[in-house]
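The sequence and structure are shown first, and the description follows.

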Amino acid sequence: MAVTGGLGKSDGDKDYPGNMTVFVFLACLVASSGGLIFGYDIGISGGVTSMDPFLIRFFPSVYAKEQEVVDTNQYCKFDSVLLTLFTSSLYLAALVASLFASVITRKLGRRATMLGGGVVFLVGAILNGFAMNIAMLIIGRILLGVGVGFSNQAVPLYLSEMAPAKMRGMLNISFQLMITVGILAANLINYFTAKISGGWGWRISLGLAAVPAVIMAGGSLFLPDTPNSLVARGKEEEARAMLRRIRGTHDIGLEYDDLVAASEASKAIENPWKTLLERRYRPQLAMAILIPTLQQLTGINVVMFYAPVLFKTIGFGGTASLMSSVISGGVNMLATFVSIATVDRLGRRKLLLEGGCQMILAQIVLGTLIWIKFGTDGVATISRSYAIGVVFCICVFVSAFAWSWGPLGWLVPSEIFPLEIRSAAQSMVVVCNMAFTFIIAQIFLMMLCRLKFGLFYLFGACELLMTAFVCFFLPETKGIPIEEMDRIWATHWYWKRFVEGNGGRRNVQLTSSSNAV
């Protein structure tokens, strides 16, 4: 058995009839708008915290430190517990909300969870846009976090369940694409609102979060629910009709029977959280924890939501720092198209391995450039050409993430869970993602102050570990029907020890005919 654990086609593989339909494409496009609210918030946070009027009103001590002369340690001038609490409170709220979203997703369907997330995010955006004090600001952020937790729990599942197996990667990555669109839109809005005279441009930046919220909530009203969810809730005739519609064929017997079999297995589970901890689900549990955790340990959210602050820290002016974040946001969006175009052709593993190696190199070079110029005392000025070099390295890093760990960190977990634990396991993914996003957001400015340029080497070391993890422990999932995914663990050199004697049993249940799996 190869150590990589990759899979080719076997005699037991199923190829469900049907093709991509316009209906599926439009439904997935609307559902993926849930990524807009997450991306917009990532992009908007760092921008407004680099605007002087915003700092003067809510974080005057940070503003005072920022105005100190250049011979002050540049690594430490944004180190503020209150400022990081503003940024990271959203992610803690998303963590908690995703646990409740799991129940709603299972009982009421994916569509209801997305609708609820959009409405709560809208309320949070309104509060932030009209914030008069720090309490109002943080309460608004918490509501934004609830909306993000709901959408991140439901949207990836919705996309993976609606998509035909051969195009699941491309359609699921539309969620990450919308995240990058949201980040870029936020960066552009920050760039222009920062120039508004009177110092109230930050209100527009925060308040315009209502736009993606309306798009998501309004779009959810018109979305159908997935056949998987309909079957799980006992609406079998609706599920059969929906499966015919999304596959564009009446020959849906094999896929429908597998959905019903999966639903029967799901109904036998009283507590999906307890079931997730069983030995036979150890591979899925490991992926639900490690993939989102490792995704955050790349340092990407540090770059994206602290980009303007980071650029300001290393000597860029206020407007220049916002423009630099616009550039990195644009690269992020464009590079995601590379993943969309190649993920169902090259597979998940190749993109993750290449992206990991590229991020390691970029972090090493970026850390070295900052070390050479700022050393350990953090005192320096940088030339235009040197600044361009720093931005280029950041763009190399961002592009690698955008076609690998960015989209695949959401895609792979959403497609590997069997129906009986799917909602709980996806909540675990969101919990781990938001927990480490919160932790890193909370400690980044402090770590930058203390580790200085070494922080980028630390992230590079994390990327080395995660690339090794993919190489040895992540099997290929390209082209495998979502309700057939169990078999990838039974043939993997390491994970098969957990599913032998268990995994094969469920695969047989999912086969309604005499075919062996």
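## Helices H2 and H10

In this predicted model, the axes of helix H2 (residues 34–48) and H10 come within 8 Å of each other and cross at roughly 165 degrees. Because angles over 145 degrees count as roughly antiparallel, H2 and H10 are described as roughly antiparallel to each other, and their crossing is left-handed.

On the H2 side, the residues that meet H10 are Gly 34, Leu 36, Ile 37 and Tyr 40, while H10 contributes Pro 212, Ala 213, Ile 215 and Met 216. Sorted by class, the contact of H2 with H10 comprises 7 nonpolar residues and 1 polar residue, with no charged residues.

## Helices H6 and H10

Helix H10 (residues 210–220) also packs with helix H6 (residues 110–129), at an angle of about 155 degrees and with the two axes 8 Å apart. That angle makes H6 roughly antiparallel to H10, and the crossing of H6 and H10 is left-handed.

From H6, the contact draws on Arg 111, Met 114, Leu 115, Gly 118, Val 119, Phe 121, Leu 122 and Ala 125, and from H10 on Ala 210, Ala 213, Val 214, Met 216, Ala 217 and Ser 220. The residues of the contact of H6 with H10 divide into 11 nonpolar, 2 polar and 1 charged.

In soluble globular proteins, nonpolar side chains tend to be buried together. In this model, the largest nonpolar core has 120 residues, and those with the most contacts inside it are Phe 54 and Trp 405. Helix H22 (residues 419–451) gives the most to this core, with 10 residues. Apart from it lies another core of 6 residues, among them Ile 440, Phe 444, Leu 448 and Leu 455.

Leaving aside residues up to four places away in sequence, Phe 54 touches Val 48, Thr 49, Phe 59, Phe 86, Leu 137, Trp 202 and Leu 206.

## Ile 56 in helix H3

Is Ile 56 buried, partly exposed or exposed? Ile 56 lies in helix H3 (residues 52–58), and because its relative accessibility is 46%, Ile 56 counts as partly exposed. Ile 56 and Gly 199 are separated by 143 residues in sequence, yet their C-alpha atoms are 9.8 Å apart in space.

Methods. Residues are numbered from 1 along each chain as its sequence is written. This is a predicted model: local features need pLDDT of at least 70, side-chain atom pairs count only at pLDDT 80 or more; totals for chains, interfaces and linings use all residues. Side-chain values use heavy atoms; hydrogens and water are left out. Helices (H or I, at least four residues) and strands (E, at least two) are DSSP runs, numbered from the N terminus. Buried means under 20% relative accessible area, exposed over 50%, partly exposed in between (1.4 Å probe, protein chains only). Axes are lines fitted to C-alpha atoms, for helices over the stretch in contact, and angles run from 0 to 180 degrees between N-to-C directions. Angles under 35 degrees count as roughly parallel, over 145 as roughly antiparallel, 65 to 115 as roughly perpendicular and the rest as oblique. A crossing is left-handed if the near helix is turned anticlockwise from the far one by less than a right angle, and right-handed if clockwise. Contact means heavy atoms within 4.5 Å. Ala, Val, Leu, Ile, Met, Phe, Trp, Tyr, Cys and Pro count as nonpolar, Asp, Glu, Lys and Arg as charged, and the others, Gly among them, as polar. A nonpolar core is a set of buried Ala, Val, Leu, Ile, Met, Phe, Trp, Tyr and Cys residues joined through side-chain atoms within 4.5 Å.
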